[in-house]
Amino acid sequence: MEFIVIIISAIFVNNVVLMQFLGICPFLGVSKKVSTAVGMTGAVTFVMILATIVTYLIQHYILNPYGIGFMQTISFILVIASLVQLVEIILKKVSPALYQALGVFLPLITTNCAILGVAIMTIQKDYNLLEAVVFSGASAIGFGLALVLFAGLREHLDLIELPKGIKGTPAALIVAGLLAMAFMGFSGIV
Amino acid sequence: MTNKDIFLRGFFKENAVFTLLLGMCPTLGVTSSAINGLGMGLATTFVLIMSNLVISLVSSFIPDKVKIPSFIVIIASFVTMVDLLMAGYVPALHEQLGVFIPLIVVNCVVLGRAEAFASKNKMVPSIIDGISMGLGFAMALTMLGAIREFFGSGKMFGVTLFNETYGMLVFVLAPGAFIALGYLIAFINRVRKA
């Protein structure tokens with residue numbers, strides 16, 4: 001029951017992109033086509049779950065016992081950056097097909113604030129390891145859901161005649177606002 | 001390029017938020033009021049100036065292969081400093097900005113300027129670039145925060161201008177951030193063309 005609450009809350013009620021504003025750069029950057037949005041979602045899910053597990057272990061077995069909690073930001077971002085590199089190297093060797101699909105998105109993920117944000121939030125919310133994994137997976141799904149929905153909307157948006165000033169990013173932002181408004185309908189469920 | 005050109009370019013012509021569309025997460029996430037936007041903007045400005053300063057001094061000693069990781073470490077150290085200073089001196093604001101303070105590390109503006117400007121230029125121009133980019137970012141955040149605060153709760157910098165019950169709550173909530181920024185960028189595009 002507890003896990004269901006975490007999942008529903010992370011995907012719908014507190015959606016990372018639309019309610020917490022994490023990972024807006026890829027949300028606006030790679031949402032021009034549904035296919036690239038799906039690829040990005042795959043890469044983010046993979047790295048987010050891995051990064052949350054590793055940063056959880058670092059926080060509880062290195063930073064906390066030695067009382068060096070102030071090193072959190074520095075150590076987490078280094079771990080995420082090296083993890084992304086590692087995943088890239090391993091994928092290249094083990095599964096070239098998957099690397100082809102996700103490869104271009106991997107370098108972008110280091111500066112995706114959703115990854116670092118979710119890692120820090122798991123620590124703040126005091127989850128245990130299993131809850132942390134569920135939370136990060138659900139957050140990644142929420143990110144993907146918002147990204148794919150938004151990409152679908154943008155594909156249609158290109159076909160509409162709009163005033164010059166509002167075409168492009170402003171129109172995309174306003175559509176994102178409407179999407180966020182739709183997601184607000186979920187608030188109060190949990 | 002003179003120092004004045006560098007300043008004007010960062011502050012207005014290539015404004016991080018309005019033109020380059022960098023650093024969107026804090027732009028949307030913390031601008032529910034003008035004070036929050038200003039606080040976030042100034043915190044980012046501090047990190048930007050200090051990281052530009054240090055990176056312009058040390059970048060010639062850093063091998064190309066580890067350039068980005070070393071930049072990230074330098075930036076992360078200054079972010080940690082800001083985080084602790086704000087927790088000590090302005091705890092209320094620190095509480096409001098929450099997770100977005102450590103997230104300055106992954107703000108594309110900071111790493112972008114380190115890579116594109118500070119690593120290739122001398123100390124003084126790099127500091128000016130940091131100041132102008134940072135203040136441009138702070139201006140954008142304060143503007144968006146003021147607009148959202150005004151329409152959402154009838155206040156400006158915490159001063160009540162009209163009764164809150166007439167405010168449109170949506171501007172303070174998440175969707176309002178996207179919509180207000182969308183129209184603000186559209187308006188600025190229009191002004192620039194004219």
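## A buried alanine in chain B

B:Ala118 is buried, with a relative accessible area of 0%; buried means under 20% relative accessible area, exposed over 50%, and partly exposed in between, with a 1.4 Å probe and protein chains only. The model described here is predicted: local features need pLDDT of at least 70, side-chain atom pairs count only at pLDDT 80 or more, and totals for chains, interfaces and linings use all residues. Residues are numbered from 1 along each chain as its sequence is written, chains are lettered from A and ligands numbered from 1 in the order in which they are written, and side-chain values use heavy atoms, with hydrogens and water left out.

B:Ala118 belongs to helix α6 (residues 108–118) of chain B. Helices (H or I, at least four residues) and strands (E, at least two) are DSSP runs, numbered from the N terminus. Leaving aside neighbours within four places in sequence, B:Ala118 is in contact with B:Asn52, B:Ile55, B:Ser56, B:Ser59, B:Arg113 and B:Ser126, where contact means heavy atoms within 4.5 Å. One of these residues, B:Ser59, is 59 residues from B:Ala118 in sequence, yet the two C-alpha atoms are 8.2 Å apart in space.

## Chain B as a whole

Chain B contains 8 helices and 2 strands. Their order from the N terminus is α-α-α-α-α-α-α-β-β-α. The C-alpha trace spans about 60 × 45 × 25 Å along its principal axes. For 194 residues, a compact globule would have a radius of gyration near 16 Å, and the 17 Å of chain B agrees with this. The radius is taken over C-alpha atoms, and the globule rule is 2.2 Å times the number of residues to the power 0.38.

Of the 194 residues of chain B, 53% count as buried. Among contacts in chain B with a separation of 6 or more, 74% join residues 24 or more positions apart. The accessible surface of chain B comes to about 8600 Å², and carbon and sulfur atoms hold 71% of it; such areas come from the Shrake-Rupley method with a 1.4 Å probe, and for residues only the protein chains shown count as cover.

## A threonine facing chain A

B:Thr80 lies in helix α4 (residues 67–89) of chain B and is buried, with a relative accessible area of 7%. A polar atom of its side chain lies 2.8 Å from the backbone oxygen of B:Ala76. Apart from neighbours within four places in sequence, B:Thr80 is in contact with A:Phe70, A:Thr73 and A:Ile74.

## Helix α9 of chain A

Helix α9 of chain A covers residues 169–184, and its 16 residues should span 22 Å at 1.5 Å a residue; the end C-alpha atoms are 22 Å apart, which agrees. The expected span is 1.5 Å times one less than the number of residues.

The buried residues of α9(A) include A:Pro170, A:Leu173, A:Ile174, A:Leu179 and A:Phe183. The buried residues of this helix pack against α1 (2–13), α2 (24–29) and α8 (129–157) of chain A, together with α8 (174–193) of chain B.

## Aromatic pairs

Over all chains, the structure holds 9 aromatic pairs. Rings of Phe, Tyr and Trp (its six-membered ring) pair if their centres lie within 6.5 Å; planes under 30 degrees apart count as stacked, over 60 as edge-to-face and the rest as tilted. The rings of A:Phe12 and A:Phe186 have centres 4.6 Å apart and planes at 40°, so this pair is tilted. A:Phe12 lies in helix α1 of chain A and A:Phe186 in the segment after α9 of chain A, so the pair ties together parts that are 174 residues apart in sequence. A:Phe12 is partly exposed at 26% relative accessibility, and A:Phe186 is partly exposed at 28%.

A:Phe27 and B:Phe178 form another tilted pair, 6.5 Å centre to centre with 55° between the planes. This pair crosses between chains, from helix α2 of chain A to helix α8 of chain B. Both A:Phe27 and B:Phe178 are buried. A:Phe21, A:Phe27, A:Phe150 and B:Phe178 form one aromatic cluster.

## Two positive phi angles

Most residues other than glycine have a negative phi. A:Phe21, in the loop between α1 and α2 of chain A, has a positive phi near 60°. This residue is buried, at 5% relative accessibility.

A:Asp126 also has a positive phi, of about 60°, although it is not a glycine. A:Asp126 is found in the loop between α7 (113–124) and α8 of chain A, and is exposed, with a relative accessible area of 61%.

How values were computed: A polar contact is a pair of N or O atoms within 3.5 Å; within protein, one must be able to donate a hydrogen and the other to accept it, and residues adjacent in sequence count only if both atoms are side-chain atoms.
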